[in-house]
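This report describes the fold, surface and nonpolar cores of one protein model. The sequence and structure are shown first, and the description follows.

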Amino acid sequence: MTTTADPKRADTMQPASRPVPSPVPLTAAVKPRRRPLLMAASLALVCLGGLLAAWAWSATSSTVSVLAARSEVERGEVITEGDLMTVSLNADPALRPIPATRLAEIVGQRAALDIAAGTLISGSQVTQDVTPAQGMSLVGIGVSVAALPGEPLRAGDPVRVVATPGEQGELTDAGPAVTVATVVSVVVDDVTGTRIVTVAVPQADAAVLAARASTGNVALVLDSRAR
C-alpha cells in the first residue's frame, strides 16, 4: 500500500515555530574613574622637568667674560694688553675678577704683586701707584734668619733697621743707629738661605742704610701692624 502526499494540504501547513531570542538588556557605558592624586603627581613631574630644564639652561648660559694673565707679570711692572687675555667662566659671587669690558682701563696700570700666568685678574692685583713713590728709595738688605723676627715679614710691614755691633763689636751708650722703613718684599736665596728684604725709606736715608746693610751688621725689628 502506497501513500500519496496531498499538495494542497502541504501548502496549507504552518511552519514549525522557532525560538525567539530573549532581548539583551542594554547597560550604560562605564565612565572612566578620575584619579586626582595621579593627575597631581603627573603635573608635579611636568613642573619639575621644566624647572630642571631652566636650571640647566641657566647653568650653561650664565657665563661672564673676565680678564686673566696671559703671561707672568712681576710686581711693579706696567701691564700691557699682551699680558692679558679674556676667559669665560660661570658667574660666582665668591670670585671678584675684573670684567673683560675694563681691559682698556687695566692696561697701563702696574702689578701690585707678582701675577702668575693664567691667574684671574682682580682689583687687588693692579695699582696706579708707582713703587717707590716720589721722594722714596728702595734698599735691599741681606740678612740671616737670626737677624729677623720669628714672624714672617709681609709687604707693608713697618720695620726698624738696627745697626748691630757684630760678633766682635760692643754696644755704646749712644745706642745703635736706627732707620725706619717699610717692607716691600722678601726673597729667599735658595743657595745661602739669606733673606733679601727690600725696604722703602726716604731718599735722604737710603745711602746711609745701604752702607750699613753692606756690612751685614744689621737686624730688622717688626713694629706693630696696627694702623
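Helices (H or I, at least four residues) and strands (E, at least two) are DSSP runs, numbered from the N terminus. On that basis the protein has 4 helices and 9 strands, arranged along the sequence as α-α-β-β-α-β-β-β-β-β-β-α-β. The model is predicted: local features need pLDDT of at least 70 and side-chain atom pairs count only at pLDDT 80 or more, while totals for chains, interfaces and linings use all residues. Residues are numbered from 1 along each chain as its sequence is written, and side-chain values use heavy atoms, with hydrogens and water left out.

**Overall burial and surface**

Of the 227 residues, 21% are buried (under 20% relative accessible area; exposed is over 50% and partly exposed lies in between, with a 1.4 Å probe and protein chains only). The protein exposes about 16700 Å², of which carbon and sulfur atoms supply 58%; areas come from the Shrake-Rupley method with a 1.4 Å probe. Among contacts (heavy atoms within 4.5 Å) with a separation of 6 or more, 64% join residues 24 or more positions apart.

Leu 45 lies in helix α2 (residues 36–61) and counts as exposed because its relative accessibility is 60%.

**Nonpolar cores**

A nonpolar core is a set of buried Ala, Val, Leu, Ile, Met, Phe, Trp, Tyr and Cys residues joined through side-chain atoms within 4.5 Å. The largest has 19 residues, and Ile 141, Val 143, Val 197, Val 199 and Leu 220 touch the most other members. Two or more residues come from each of β5 (136–143), β6 (158–163), β7 (178–188), β8 (195–202), α4 (203–215) and β9 (218–222). Beyond its neighbours within four places in sequence, Ile 141 contacts residues including Val 161, Val 197, Leu 209 and Leu 220. A second, separate core of 12 residues includes Val 73, Ala 100, Ala 111 and Ile 121.

**Strand pairing**

Two strands pair if DSSP finds at least two bridges between them. Two antiparallel pairings involving β7 are tabulated below.

| Strands | Bridges | Bridge partners |
|---|---|---|
| β6 and β7 | 5 bridges | Arg 160 and Val 180 |
| β7 and β8 | 6 bridges | Val 186 and Val 197 |

Strands β7 and β8 form a hairpin with 6 residues between them, and Gly 193 in the turn has a positive phi of about 80 degrees. Val 197, the β8 bridge partner of Val 186, is also one of the residues that touch the most other members of the largest core.
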